[in-house]
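Please read them with the structure open.

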Amino acid sequence: MRPLFLMALASMMLSAQSRFDEAFFAGDRKAILAGSAEALRTLKPKDAPYLVRCGRAYLAAVDKTRAQELFRLAEALEPKDGKVLRGIADAWLKHGYKSEALEAYELVRQRDPGNKEVLAQCAVDLAEVAQIREAEAFMDMVALQDRDKWEYFLAFGKALLVSGQRKKAAGWFARAVAVKPKEEKVYAEIIQAFADTQAVF
Amino acid sequence: MRIPMAMLLAVSLLRAQPADKQGLFQQDPQAIMRICAEQARKLDPKDSRLLAKCGRVCLAGGDRAQAEEAFRLALLDDPKDAETHRLIALAWLKAGFQAEALQSFNAMVKFGSADRKALGKAAVNLMDAGLPVDAERMMIRSILSNKKFERTKSNEELFSLLDQGPSDTQIIKVMPPSPVPNNSGILDPAAAAAHGANPNLFPKPGRLPGPPGVSIGVDISALISLSLDGYDCIAFGRAALRAKLPEMAAKWFDLTVKARPKEEQIWADIAVAYADNGALGE
């Protein structure tokens with residue numbers, strides 16, 4: 001019965017879609033953020049990754065309390081999912097909450113230490129905001145588990161370029177080339193990294 | 001963050017790199033890009049998209065002749081690849097050659113295949129370059145490139161935009177709102193012309209007015225009659241936010257939501273677009 005009720009509520013909410021029109025999206029940013037978050041939550045009330053997105057929207061709308069509530073719900077639903085935990089950490093980081101972010105990144109390291117993809121993403125997140133020591137700790141974990149992940153090394157090198165760490169970036173680009181010296185994509189990605197970080201232009 | 005001693009030791013061994021390779025990447029960025037471009041070309045000399053990127057490197061180094069040669073070779077290899085044309089246009093744009101960039105975008109439209117993704121990315125590139133009207137036209141073209149969409153009375157105005165042909169694309173800058181009080185939301189062409197704007201930019205009589213503020217671009221509501229994917233509009237809306245054109249972003253997000261009102265990923269992407277103010281990288 002409850003799922004039916006929730007579906008009916010979702011339909012009602014979205015059929016009051018007339019409020020989500022062009023004027024809504026051209027209006028107050030906080031209202032857009034809150035409205036989008038609620039629309040999303042109505043559609044997926046128990047999906048941890050989407051709850052994290054909702055929380056992020058509330059953080060951007062400067063509603064920390066509501067954001068924390070959503071992050072707690074998401075964590076409770078998927079306590080060991082590195083992707084969810086990283087999403088929470090990234091949301092804190094992007095909105096300037098450094099200590100909350102570092103705590104959340106630590107949870108990723110503790111609870112999903114074998115998830116190389118997520119660890120590499122954590123490394124990139126932290127490198128881009130010049131949290132270099134923490135970033136390298138994550139990337140070292142990845143490299144220890146798999147020395148041949150050149151795509152991750154390239155992404156990390158680029159993130160280091162973003163925060164002006166050219167010397168450190170050089171090390172990771174070198175590592176990628178050492179793994180795949182005859183792969184043209186490696187060189188193309190390095191060119192792109194320098195071009196995109198405006199190191200040249 | 002506490003790390004066990006054994007792990008620290010392992011890490012220090014892993015970090016030791018062949019000195020020559022690390023030395024390469026500590027050079028001047030232009031030198032690095034040049035060497036990487038040469039190496040990539042040796043490994044795959046006929047990759048048209050790679051050649052376009054190599055051309056970008058040459059432009060960065062101030063070598064226009066070499067860049068043009070790389071672009072020529074790229075198009076010789078694959079003249080119909082829309083993405084190659086786009087990469088060439090982007091190279092010109094990034095190096096500050098706007099006229100050449102628009103010519104390349106025109107060539108993409110004229111000679112390239114109807115590649116929805118490439119056209120959509122081109123629309124974002126144009127928006128990021130401060131050319132919102134051209135960008136929107138390219139975005140409309142991207143959507144209409146889907147052959148399943150038929151030309152009907154309701155979308156005739158949009159299709160006819162594309163009939164005008166690539167050579168009609170103009171370099172158009174966004175003008176600030178007219179100083180003349182204007183409650184209808186339509187910019188007063190006379191007042192705008194006084195500011196040096198091209199009066200041909202503005203909606204012709206019969207088009208719907210835009211929301212209050214700066215009215216840019218066209219009425220895209222006819223697109224809702226098509227079964228849109230929706231996701232390709234998100235990137236464009238983000239770019240509009242990035243370009244500080246919230247009304248244009250609103251128009252495209254509205255279209256996206258109408259196309260897919262119950263798609264959770266659409267809402268997630270829109271929420272994040274506003275959370276990030278459209279920043280690149282999402």
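This is a predicted model: local features need pLDDT of at least 70, side-chain atom pairs count only at pLDDT 80 or more; totals for chains, interfaces and linings use all residues.

The points below take the chains, then the interface, then a few places in chain B.

1. Chain A. The chain has 201 residues, and 51% of them are buried. Its secondary structure is 12 helices and 0 strands. Read from the N terminus, the order is α-α-α-α-α-α-α-α-α-α-α-α. Take the contacts between residues at least 6 apart in sequence: in chain A, 50% of them join residues at least 24 apart.

2. Chain B. Here there are 282 residues, with 47% buried. The chain holds 14 helices and 0 strands. Among its contacts between residues at least 6 apart in sequence, 62% link residues at least 24 apart.

3. Extent of the interface. How many residues of each chain take part? Chain A brings 58 residues into contact with 55 residues of chain B. Interface size is often quoted as the accessible area lost when the parts come together. For chains A and B, the buried area is about 5200 Å². Carbon and sulfur atoms give 68% of that area.

4. One of the pairs to check is A:Lys44 with B:Glu264: their side chains form a salt bridge at 4.0 Å, N to O. The cut-off is within 4 Å, so this pair sits at the limit as quoted. Polar contacts across the interface come to 9 residue pairs, with both residues at pLDDT 80 or more.

5. The chain A side. Which elements of chain A give two or more residues to the side that touches chain B? They are helices H1 (2–15), H2 (22–25), H3 (29–43), H4 (48–60), H7 (98–111), H9 (132–145), H11 (166–179) and H12 (184–196) of chain A. By class, this side of chain A has 32 nonpolar, 20 charged and 6 polar residues.

6. Helix H9 of chain B. This helix covers residues 132–144, 13 residues in total. From first to last C-alpha it reaches 18 Å, close to the 18 Å expected at 1.5 Å a residue. Is H9(B) mostly covered or mostly open? Mostly covered: 12 of its 13 residues are buried. The buried residues include charged side chains, among them B:Asp134, B:Glu136, B:Arg137 and B:Arg141. B:Met138, B:Met139 and B:Ile140 are buried in H9(B) as well.

7. B:Gln30. This residue lies in helix H3 (residues 29–43) of chain B. B:Gln30 counts as partly exposed because its relative accessibility is 29%. Its side chain reaches the backbone oxygen of B:Ala60 at 3.1 Å. B:Val57 is 27 residues away from B:Gln30 along the chain, yet their C-alpha atoms are separated by 7.5 Å.

8. Positive phi at B:Lys244. B:Lys244 is not a glycine, but its phi is positive, about 60°. Where does B:Lys244 lie? It is in the loop between helix H12 (231–242) and helix H13 (246–259) of chain B. At 69% relative accessibility, B:Lys244 counts as exposed.

9. Positive phi at B:Asn277. The phi of B:Asn277 is near 55°, again positive in a residue other than glycine. B:Asn277 lies in the segment after helix H14 (264–275) of chain B.

Terms used. Residues are numbered from 1 along each chain as its sequence is written. Chains are lettered from A and ligands numbered from 1 in the order in which they are written. Side-chain values use heavy atoms; hydrogens and water are left out. Contact means heavy atoms within 4.5 Å. Buried area is the accessible area (1.4 Å probe) that two parts lose on being put together, summed over both. A polar contact is a pair of N or O atoms within 3.5 Å; within protein, one must be able to donate a hydrogen and the other to accept it, and residues adjacent in sequence count only if both atoms are side-chain atoms. Helices (H or I, at least four residues) and strands (E, at least two) are DSSP runs, numbered from the N terminus. The expected span of a helix is 1.5 Å times one less than its number of residues. Buried means under 20% relative accessible area, exposed over 50%, partly exposed in between (1.4 Å probe, protein chains only).
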